[in-house]
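Student: May we go through this structure together? I would like to start with the strands and then turn to the side chains.

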Amino acid sequence: MSLSVGDLLFLLVLAGGASWFLNSLRVRELALQAARRACTRHEVQLLDQTVSGVRISLSRDRRRRWRVWRQYRFEYTVDGRERQAGELIMLGGQLQALIMAEKRPTLH
């Protein structure tokens, strides 16, 4: 049994898609770990134990190499009642920025 050029191309595309998917899962897990660390450091509770992808694009890193740029959002709470939004920026597998609202709830 020999493979045609079309079969080889199909396998190459399939392998590339699988690689992209696995890399995306790895970067998402790194983003979630960064969100957990930030919430622990700021003594707030990470809600839903997840981050959600917002945007994706290509950008260059400091060495001028093309990397996938991803923006994630997560939610946390200071007082257990009010949700706050946080954002993470990942370039490749590296955390570039983490933004959390400065707003603290007032006690009534």
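Predicted model: local features only at pLDDT ≥ 70, side-chain atom pairs only at ≥ 80, totals over all residues.

Student: How many bridges join S1 to S2?

Tutor: Strand S1, residues 45-60, and strand S2, residues 66-77, are joined by 11 bridges and run antiparallel. Within this pairing, Arg 60 stands opposite Trp 66.

Student: And what lies between those two strands?

Tutor: The hairpin of S1 and S2 has 5 residues between its strands, and Arg 64 in the turn has a positive phi of about 70°.

Student: Which way do S2 and S3 run, parallel or antiparallel?

Tutor: They run antiparallel, with 9 bridges joining them. Tyr 72 has Leu 88 in S3 as its bridge partner. S2 and S3 also form a hairpin with 5 residues between the strands, where Gly 80 takes a positive phi near 85°.

Student: What about S3 and S4?

Tutor: S3 covers residues 83-91 and S4 covers residues 94-100; 6 bridges join these antiparallel strands. Met 90 stands opposite Leu 95 in S4. Their hairpin has 2 residues between the strands, and Gly 92 in the turn has a positive phi of about 65°.

Student: Changing topic, how many aromatic pairs are there?

Tutor: The count is 1 aromatic pair. The ring centres of Phe 74 and Tyr 76 lie 6.1 Å apart and the planes are at 40°, so the pair is tilted.

Student: Are those two residues buried or exposed?

Tutor: Both Phe 74 and Tyr 76 are buried.

Student: Which residue lies over the face of Trp 20?

Tutor: Arg 70 does, at 5.4 Å from the ring centre.

Terms used:
Residues numbered from 1 in each chain as written. Heavy atoms only, no water. Phe/Tyr/Trp six-rings, centres within 6.5 Å; stacked < 30°, edge-to-face > 60°. Buried < 20%, exposed > 50% of the residue type's maximum accessible area, 1.4 Å probe, protein only. Lys NZ or Arg CZ within 6 Å of the ring centre and 35° of its normal. Pairing = 2+ DSSP bridges. Helix = DSSP H or I, 4+ residues; strand = E, 2+ residues; numbered from the N terminus.
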